[in-house]
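Welcome! Take a moment to look over the structure below, and then we will walk through it together.

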Number of protein chains: 2
Amino acid sequence: YSSSTEDTRASEPRVESIFEPLDTFPRRHIGPNATTAEEMLRALDPPAKSLDEFVKQVLPSKILSSKDLRVEGPMPESGSVPTSEGGYSESQLLARLREIAGANRVYKSYIGCGYAGTRTPEVIKRNILENPGWYTSYTPYQPEISQGRLESLLNFQTMVSDLTGLAISNASVLDEPTAAAEAMTLSVNALPTARLKRPTKVYLVSHLCHPQTIAVLESRAQGFGITIEVADVLKDNSKRVEEVGEDLIGVLAQYPDTLGGVEDFRGLADKVHKLKGTFSVGTDLLALTLLTPPGEFGADVAFGNAQRFGVPFGFGGPHAAFFAVSEKHKRKIPGRLIGLSKDRLGDPAARLALQTREQHIRREKATSNICTAQALLANMSAMYAVYHGPHGLKRIAEKVAKMAQVLAKALAQGGLEVRQPVAFDTVVVKKHEAALFAQKSASNGRMNFRVVDDEHIGITIDETVGKKQIEEIIRAFTTDAVDVVQLAEGLDATSHLPESLKRTSAYLTHSVFNSHHSETEILRYMNHLQSKDLSLVHSMIPLGSCTMKLNATTEMVPISWPEFANIHPFAPKDQTKGYMQLVDELERDLAEITGFHAVSLQPNSGAQGEFTGLRVIRKYLEQQPGKKRDICLIPVSAHGTNPASAAMAGMRVVTIKCEHDSGNLDMADLEAKCEKYSEELGAIMITYPSTFGIFEPQVKEACELVHKHGGQVYMDGANMNAQIGLCSPGEIGADVCHLNLHKTFCIPHGGGGPGVGPIGVAEHLAPFLPGHPLVADVGGEKGIAPISGAPWGSASILPISWAYIKMMGARGLTHATKITLLNANYILSRLKPHYPILYTNENGRCAHEFILDVRKFKESASIEAIDIAKRLQDYGFHAPTMSWPVANTLMIEPTESEGKAELDRFCDALISIREEIAEVEQGKQPRDGNVLKMAPHSMKDLICSEWERSYGREKAAYPLPWLKEKKFWPSVTRLDDAYGDMNLFCSCAPVETVEGMTGTAAPMPT
Amino acid sequence: YSSSTEDTRASEPRVESIFEPLDTFPRRHIGPNATTAEEMLRALDPPAKSLDEFVKQVLPSKILSSKDLRVEGPMPESGSVPTSEGGYSESQLLARLREIAGANRVYKSYIGCGYAGTRTPEVIKRNILENPGWYTSYTPYQPEISQGRLESLLNFQTMVSDLTGLAISNASVLDEPTAAAEAMTLSVNALPTARLKRPTKVYLVSHLCHPQTIAVLESRAQGFGITIEVADVLKDNSKRVEEVGEDLIGVLAQYPDTLGGVEDFRGLADKVHKLKGTFSVGTDLLALTLLTPPGEFGADVAFGNAQRFGVPFGFGGPHAAFFAVSEKHKRKIPGRLIGLSKDRLGDPAARLALQTREQHIRREKATSNICTAQALLANMSAMYAVYHGPHGLKRIAEKVAKMAQVLAKALAQGGLEVRQPVAFDTVVVKKHEAALFAQKSASNGRMNFRVVDDEHIGITIDETVGKKQIEEIIRAFTTDAVDVVQLAEGLDATSHLPESLKRTSAYLTHSVFNSHHSETEILRYMNHLQSKDLSLVHSMIPLGSCTMKLNATTEMVPISWPEFANIHPFAPKDQTKGYMQLVDELERDLAEITGFHAVSLQPNSGAQGEFTGLRVIRKYLEQQPGKKRDICLIPVSAHGTNPASAAMAGMRVVTIKCEHDSGNLDMADLEAKCEKYSEELGAIMITYPSTFGIFEPQVKEACELVHKHGGQVYMDGANMNAQIGLCSPGEIGADVCHLNLHKTFCIPHGGGGPGVGPIGVAEHLAPFLPGHPLVADVGGEKGIAPISGAPWGSASILPISWAYIKMMGARGLTHATKITLLNANYILSRLKPHYPILYTNENGRCAHEFILDVRKFKESASIEAIDIAKRLQDYGFHAPTMSWPVANTLMIEPTESEGKAELDRFCDALISIREEIAEVEQGKQPRDGNVLKMAPHSMKDLICSEWERSYGREKAAYPLPWLKEKKFWPSVTRLDDAYGDMNLFCSCAPVETVEGMTGTAAPMPT
Ligand SMILES: Cc1ncc(COP(=O)(O)O)c(C=O)c1O
Ligand SMILES: Cc1ncc(COP(=O)(O)O)c(C=O)c1O
Ligand SMILES: O=C([O-])O
């Protein structure tokens, strides 16, 4: 749409008819209005006359799309054909979504398989899940302004560590099946080097693992050349383990198993260890309040889904999976790990530990590509444990276990054959024509059972089940009258189990799990943590490559609706028609936006999207004649997840240079590499606009070149926010592209997740989109094995992106892209007189982000990017992306949601910081101990009697006048990263430390 | 229920059956658990052996109820009879409430009458209405920790002032009809003294005012001896005004009128003024964006309902009514008024202005008793205006106006007779058998019209109405095909009106209404304001007599459901069955709790309850033989609203002394007064436990005495939290009692409202409970005229109290009472060694609150209660109730929701403050400029280069160690009250002041 800043149709309610709704969305989403956008165009250096002229200065003409975007809009009040331009108003959107939600049927689901019903305490739902203070924050890269969620994630780690009986837990992984995959690759990493070289690597997986876990393992094993062998791992005293011998990389078992039983794995663990293999266990946190934890029977790794700790089914996600390892593996743990360290004042403080890992230091040999994880859900689950405490959790577990026993007894009494033992929550019972039976139970009794096989039904009990439900279940199986109250009498939760399987060790003994059990207390605790964290409710978060835009309330509202929240991922299709409609529409819109033929919503993060896309490409290439094509070209500037994903997909990574001056792809180098590897060329991964924030003019040529040599083009869509409506990956020539719905499409970042990383693909790749073992009609006909445990990944947050697209409409989306470009170039223009800008195009423009080059200050003033980043906190801002993609620089991305006033505040802050640097350069301030080096300043730091610094307290706190009215305070001073990594300590701090503020983190030395 | 601290049935989930739900509520609501309650009993001075022994030390045995409370509970999982002891679990409660809500039918309501459909912007709903940071705060008595809501209320005042064209607006009144009543009494107050003495006082009310307004005026007029005359006030050139002549106190008109017309009132205004009367206008803020504002045509007062600015119908409330006056009446404005002043540093800051007014200084001559108002709703409406801005509001108004015109045209075209002019949103059309027609439209078309009379239908259009709805309305009237799009062409919102009625003046020009129009901006603005306010999410608010207990999320959730939110107060009965069920059950439970026969939920606040109760008493007494009984005995210790309400009910107030040592009612004085006024004795008003926090032993005797002399006993139930389950007003001998549901029954205080003040009455008074002119079957057969505009007052928040009662169950409620007593006595015991306690009973116990006597420090250290109150802010606490009921003391009420840890923090703070006072007493610190006199300290105050105080910065900010971890900062230093009252300035500060922080509030001098 050619348009001006005026574009009233996009940014203001349409005035054509008095009947049109006034609660239009684009003007609420987009910061600058027509007037301020005009001002900004004029303030650009050089100025631009109009928005469209400006856009042409930013995008190469050959890239610009020739056609207007089309997104099906609402039935207009004034006509009869839905417009493909305008979006739904907020009220229209909610009404439409209510309709869609109404097409889902919320039945009781006893399907189990790693998902169980739960009660989200309302106080947690309202104050975390529905609270922008929690959901709009970013991954806690800046610990001084993130202590709240860091503390909460530390609680999560402590909870997992305690319950699994393993020393170290990370801060969540994407889902249980990918956690299993991480366990497998960790097992590879843990092998002695000599063993790594053996041609055969066998991962022995218990046949009693959840089926979707096994399926995802298959998909992950291929790239590593691992053979998955599914077997009865205990049979004949685990004979098979010994048979596999030196080929064994590890064993995976489920505990309790997918059919509800438990076994003693001690002997198995010994055998695995004897072969230097790793023993991993998929497990259930609630069960572990009653059962011996994996860490006590020899497991090296334990993982599972924390969903039943207060996070609804959500038709498959998002939930936090957990991952814990024994002491010896702690430096191999995948994903993000929170650790304690200390700050400049010596006070304990939490931060991301061991940050410089795989994706950074050995990118193309990485075995894990986790970036965005499930922070928000991990925080919900942690708070669930904080609120219930060990006693409350145990009570819930006992109730569940006893009810499962009552059910088992009743069914047995009714003459049915029940699998023994019923270890915890799951009862498996013999039933002919199980599928038919399950179908009838759904339609007549509104309850879903698991069809284990044609002869068996599985029933998983959860904390939401009461007497009425138990009686209903029983009635589905038998007409005999059963007195469940009588059956329940005198029951004990675990007395029927061998002593060796009963838990005796304590858990959740830390005071945080024993202090906040009234609603007032937990509310204050959550609020206190929140008060330490900077999020979008405070100020812009200009993180380049992260697209921290408005996560609008209307987008967020539906995810709490029971019709979206309370549906099991494997619920029968006739109960999920609403979801299917939404998925269809979203896939269609995303295909239109990306210029592709088909979309898969399965990947739970951008990195998962990369892995999926590359596997799809490989599967396609396998079907082509010729050599194995496993070379993946990746520009040096790529995000760490790119090479990591390529490696995981079993590809060999070859690096492509970028031109020194422009940052653009070095076409000569590309051509050379294409020639060199012509026969083995599998793919190129490119980010567009580039990670340097430039619309490279030669991207089409690059695509053509790769195609010419038989390769496929994978586009990393992290920067899609700069493209929508103006150009598209498909038109540019890509074959696959992932999107980060948690960037471009408004899913909030949640302090480090959830995310959704769908991929769009060209027609020839569509047949290979991932399927699902338990749900029909997912993915392509020749689909690759699944990437996620749930068929549509993190389905319950898809309404957010759907709502965004539908409310913006094609015109609004396009206008947003133009404004996002304008916002970035406005900041660039204002900062240019003060800082070098690393790259711009030949018109002096950047795309939606740009890199501020602060490297020269190292010499002139001993100031590095980190000092500027930390000093920005004193000004109330989150730092831009630091040292990526270029070391010691800052990458700034404002997004379209920030208005001019906020952009100006941010520019003023950076300009003021530049003046502070100049004072050092000029010798007015020392090179050490100046206000930048000492940044950030906490209140405690400034409110002290002695003050012997080279600058005043007021300068530290209030360098610009508006800070006196609106100041966000870092809660600690600068963290000591090295100390924390050396002294890794990853659970809650000993209480005395925190209370006494003694300044010793009492770390467990390593 | 005799019980111990253990009382597991009340505080822990029942363990009798494995099927019982575990998400029980009492243990979440009540702070101390069994273990800490035991510790506290032991720590009492003297210690108590058991909870029941302790209770007997607190309550006189003759007061203690002999029977257990009974509240109908849930169907238990394990039996068949609902228990009368145990409460619903949280999930059971929500399920039951979903069922009840489902019995309401949400039809489109075009009934109008001062209520209109609206769209609450989702961002405002989530971040204010559903945000405990906003809804749990108290009335901003402590401005230094309340600047956020004070600023927002100032926005509300500015908005009202701008739109009405009048100089001064208050910060909300209860509803539109009571606002009319306030206008009437203000008119009385504004009369020249001579005129006050005339025997006849006529208030001339336009027959085109809303009918419920006229009804409420009737009820309020009686006590003042005012005659309400309803007339066509414009007829024959307002001849009637001149006829009434010197008897006239004022005229009231509606603009636009209740039938949708507008007239030019300039001539009328002149006539009224000539007679020294006051001209008041009921109006509509949205209409005023298009129409000449009342202030420009001579109105002295303008009021109305701000509901349609973003607050849903709610079946009648709560909404914020507004009230504005011209400059000359500014010191007569009723309700709460926010004004600007300056703080110790000279910075502008807002606060409650002119606080020492009627209820304080001339209590028994008061003409208004407003205390709790509608702050939360006022804030929502103000934010609605901030978000839409003047331009957006006007666009909404124009849309509404044009659609009403389209409708009028269509109906006229269909041959119907339409009342002219259609000035804004309401179309009145002639229709035979209007009632039948309305009924059919409801059942066939799911839309509600107003039945104006048997021949007329009223239709009021609002911002939620679109083309579809307009067409549906038209179809209800005519089968002719109508092309509304064509009718809409070229329409102008006001061109059919005379020039004199079209608005030409600007409004909402202040930058706050022109800055926050994107969702990101408004979110940050709301969050910034919130960050300045201390609420229950931070720490306990120990305000004596205010009962600041947990407002649980599960209680709050249902009020956002459309089935409760979107129902017009005058919707037909068959659409409100859910509400009726809820009202019935709540009335029944409250009757049981108070020991009364019947309950009315109509009053919108405690003070309104008082007025209602006294009017009921008077009505009853009128029917008795003998003299007019209009004497009301009121103890000196009574809350200011008591005498004010008595005065408004037309009673003569006679004061009863209290004993100096015990604080108890002086029985001798009471007896003397009873004797003296035996024949005229109407009532006594007593608060129980007394406002001094004591269960007076002789209360039954007092009741008997008054009864013996023919009087009725009115109990102020503000302290009901100390009674539930242990004793009851009914058993004690009261005839009426009001409850503050916003204290005892968990409706959050919302920063100064909403409230609900139902009254319970004995059987003989039940026939007189207030009715309603527009809704049948409300109140008693001989009911008094209504107190509120809506039949069940603030109906939409009744689910909160219902949920509280149902989740606590009888046993939980009783246990809560015991713990609330324990909590108060625990603090008392801990503080006793440090401070004098003003009153305790003969066992050394207080009730649920007690008075800390700090008067002696005035002499010993020049320290007054206010200094301690302000210093408490530095410790992160809200002050206790200051100087009420005893000057220069502090009254502390902890409530049952606070756990021991929080009580200890609070005690530690007060003990630490006592040490700070001692330092002054001992001469270690000066009597001026010490840390108490300088309190509170803001960040700005401490972060400065120069520091020449007698104490250090750290002492100011961190007097106790935990403050370094968790500190709430006052956003300004101590306010200068006198300055603000002298220089009254009641709208938003001029922008330069705030931005430049120059420290001059630029007040408009008076
Ligand atoms: C360019 C780029 N690619 C890939 C990713 C990985 O996405 P995710 O964090 O969703 O896994 C990111 C994340 O920031 C990115 O910036
Ligand atoms: C003893 C007493 N009576 C009456 C009231 C008035 O109640 P309301 O504010 O609900 O009008 C109060 C309010 O604090 C009170 O404490
Ligand atoms: O999350 C990122 O690595 O950018």
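Which side chain of chain B meets A:Glu965 in a salt bridge?

## A salt bridge to start with

The partner is B:Lys532, and the salt bridge that its side chain makes with A:Glu965 has an N to O distance of 2.8 Å. Please keep in mind that you are looking at a predicted model. In total, the rule finds 8 salt bridges across the interface of chain A and chain B.

Polar contacts can be counted here too: 36 residue pairs are in polar contact across the interface of chain A and chain B, with both residues at pLDDT 80 or more. On the side of chain A that touches chain B, the largest share comes from helix 15 (residues 375-413) of chain A, with 9 residues. Sorted by class, that side of chain A holds 34 nonpolar, 21 polar and 27 charged residues.

## How the two chains meet

The size of an interface is often given as the accessible area lost when the parts come together. For chain A and chain B, the buried area is about 7,500 Å², and carbon and sulfur atoms give 55% of it. On the chain A side, the residues that lose the most area to chain B are A:Arg28, A:Arg126 and A:Arg524, which together make up 12% of what that side buries. The contact draws 82 residues from chain A and 82 residues from chain B.

## Aromatic pairs

Now for the rings. Over all chains, the count comes to 48 aromatic pairs. In one of them, the ring centres of A:Phe437 and A:Phe477 are 4.6 Å apart and the planes stand at 50°, so this pair is tilted. Because A:Phe437 lies in helix 16 (residues 434-445) of chain A and A:Phe477 in helix 17 (residues 467-477) of chain A, the pair ties together parts that are 40 residues apart in sequence. Both A:Phe437 and A:Phe477 are buried.

B:Phe692 sits in the loop between strand 18 (681-687) and helix 26 (699-708) of chain B, and B:Tyr839 in the loop between helix 28 (798-831) and strand 22 (850-853) of chain B, so the pair ties together parts that are 147 residues apart in sequence.

## An aromatic cluster

One last stop is in chain A. A:Phe315, A:Trp561, A:Phe564, A:Tyr579 and A:Trp792 form one aromatic cluster.

Conventions
Residues numbered from 1 in each chain as written. Chains lettered and ligands numbered in written order. Predicted model: local features only at pLDDT ≥ 70, side-chain atom pairs only at ≥ 80, totals over all residues. Heavy atoms only, no water. Contact = heavy atoms within 4.5 Å. Buried area = accessible area lost by both parts, 1.4 Å probe. Salt bridge = Lys/Arg side-chain N within 4 Å of Asp/Glu carboxyl O. Polar contact = N/O pair within 3.5 Å; in protein donor to acceptor, adjacent residues only side chain to side chain. Helix = DSSP H or I, 4+ residues; strand = E, 2+ residues; numbered from the N terminus. Nonpolar A, V, L, I, M, F, W, Y, C, P; charged D, E, K, R; others polar. Phe/Tyr/Trp six-rings, centres within 6.5 Å; stacked < 30°, edge-to-face > 60°. Buried < 20%, exposed > 50% of the residue type's maximum accessible area, 1.4 Å probe, protein only.
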